[in-house]
Amino acid sequence: MNSLRLLVNGFLIGIANIIPGMSGGTLALVLGIYERLIGALRRIGLSTVKKVLGVLRLKKDAFAEAGAELRRIDFGFLALLAVGAIAALLLTSKLIVYLLNNQHDATYGFFSGLILVSILIPLRMLKGFGWKESVVLLIAVALILSLSVGMGEKQLERVAYKAGNTAMMDDNAGRTTIFPTYWQLGLFFGSGALAVSAMILPGISGSFLMLALGVYFPLLTAINTLIEGVPGLLKGALTEPMLGSLLILAFAALGCVFGLLAFTRLLNYLLERYRNLTIAFLIGLMVGSLYGLWPFREFSMVDGERIDTAHILPQLDMNLLITVGAFLIGGGVIILFTRLEN
């Protein structure tokens, strides 16, 4: 029964981490497992990796050391939570990508409401706001805006490339994932490290950071591409979209491992020594991400996938009313969640 409860807790935390603006750390606090979770994660270190990999020597003492280390870090507890969270990710990623492609404006409106109201959470954490905090906030805003503009230019290049290469489009029908560049793989790695660090902090959303850095929807698309390609993979067919998805998820996972081993300690250090500046930087990321979440866009369809190309002003129609309604619902979710946390 305790194992089932932990699986359910992991599933709920996974859902919270998937939705930008909602904090898995906050939900762990509400569920009463936060202190145990943080304690277990902080016990993980390089010694853990060394002892676990030591089983490759196939010696009896190595297995004994690895077992003792796993018990020390409360591995059974972490594993059950992780299984529940991964199940939540696999079950909901397809729904979110479907909503993005078929209900784009309302979905972005919902996420915009989540993020805008979520800004109030770190604002309340500030103990003051001076010129240093202002500079750090503006730097974070500029960083996110530059990433958003850069991603927009890459999308335009992709549409132009596909338009001039119809033969290639025919050869790759149904392709849903761009083969990642080295720069993009580095971005997925860094985003994984940042997100897993933020996910364990109450009030800070890890998926929001992924959204702000422009990797949230590519990651969900990679997961769906991988799931859909499993039957072909079992038959030995490894397509370029499948390989691209594997690379994206592998680098994001490596980033998460790195974040757990190193970045969480750095983030804790920054919060202890430079709390206000760190929180101001996070607020800047949130403010800057609102540009990338603007719901109303010009777009092109490439291989059955919607590619946004430019921001536009909305028209007064039913779509605008639905988007505004989704925006208000998103804000309301965060207000409700904040009351639960209190």
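Which residue forms a salt bridge with Arg72? The partner is Glu69, whose closest N and O atoms with Arg72 are 2.7 Å apart, and the views below set this pair among the other contacts of a predicted model.

In this predicted model, local features need pLDDT of at least 70 and side-chain atom pairs count only at pLDDT 80 or more, while totals for chains, interfaces and linings use all residues. Residues are numbered from 1 along each chain as its sequence is written, and side-chain values use heavy atoms, with hydrogens and water left out.

**View A. The salt-bridge network of Lys51, Glu69 and Arg72**. A salt bridge is taken as a side-chain nitrogen of Lys or Arg within 4 Å of a carboxyl oxygen of Asp or Glu. Glu69 and Arg72 are three residues apart in helix 5, and are therefore separated by about one helical turn (helices, H or I, are DSSP runs of at least four residues, numbered from the N terminus). Glu69 also forms a salt bridge with Lys51, with the closest N and O atoms 3.7 Å apart; this second pair links distant parts of the chain, Lys51 being in helix 4 (residues 46–53) and Glu69 in helix 5, 18 residues apart. Glu69 is buried at 3% relative accessibility, whereas Lys51 is partly exposed at 34% and Arg72 is partly exposed at 37% (buried means under 20% relative accessible area, exposed over 50%, and partly exposed in between, with a 1.4 Å probe and protein chains only).

**View B. The salt bridge between Asp74 and Arg36**. The closest N and O atoms of the two residues are 2.7 Å apart. Because Asp74 lies in the loop between helix 5 (60–72) and helix 6 while Arg36 lies in helix 3 (residues 34–42), the pair ties together parts that are 38 residues apart in sequence. Asp74 counts as buried at 18% relative accessibility, and Arg36 as partly exposed at 39%.

**View C. The aromatic pair of Phe189 and Phe258**. Rings of Phe, Tyr and Trp (its six-membered ring) pair if their centres lie within 6.5 Å, and planes under 30 degrees apart count as stacked, over 60 as edge-to-face and the rest as tilted. Phe189 and Phe258 form a tilted pair, 5.7 Å centre to centre with 40 degrees between the planes, and this pair links helix 11 to helix 14 across 69 residues.

**View D. The aromatic pair of Trp294 and Phe296**. The ring centres lie 5.5 Å apart and the planes stand at 70 degrees, so the pair is edge-to-face. Trp294 is partly exposed at 31% relative accessible area, whereas Phe296 is buried at 8%.

Key. Helix = DSSP H or I, 4+ residues; strand = E, 2+ residues; numbered from the N terminus.
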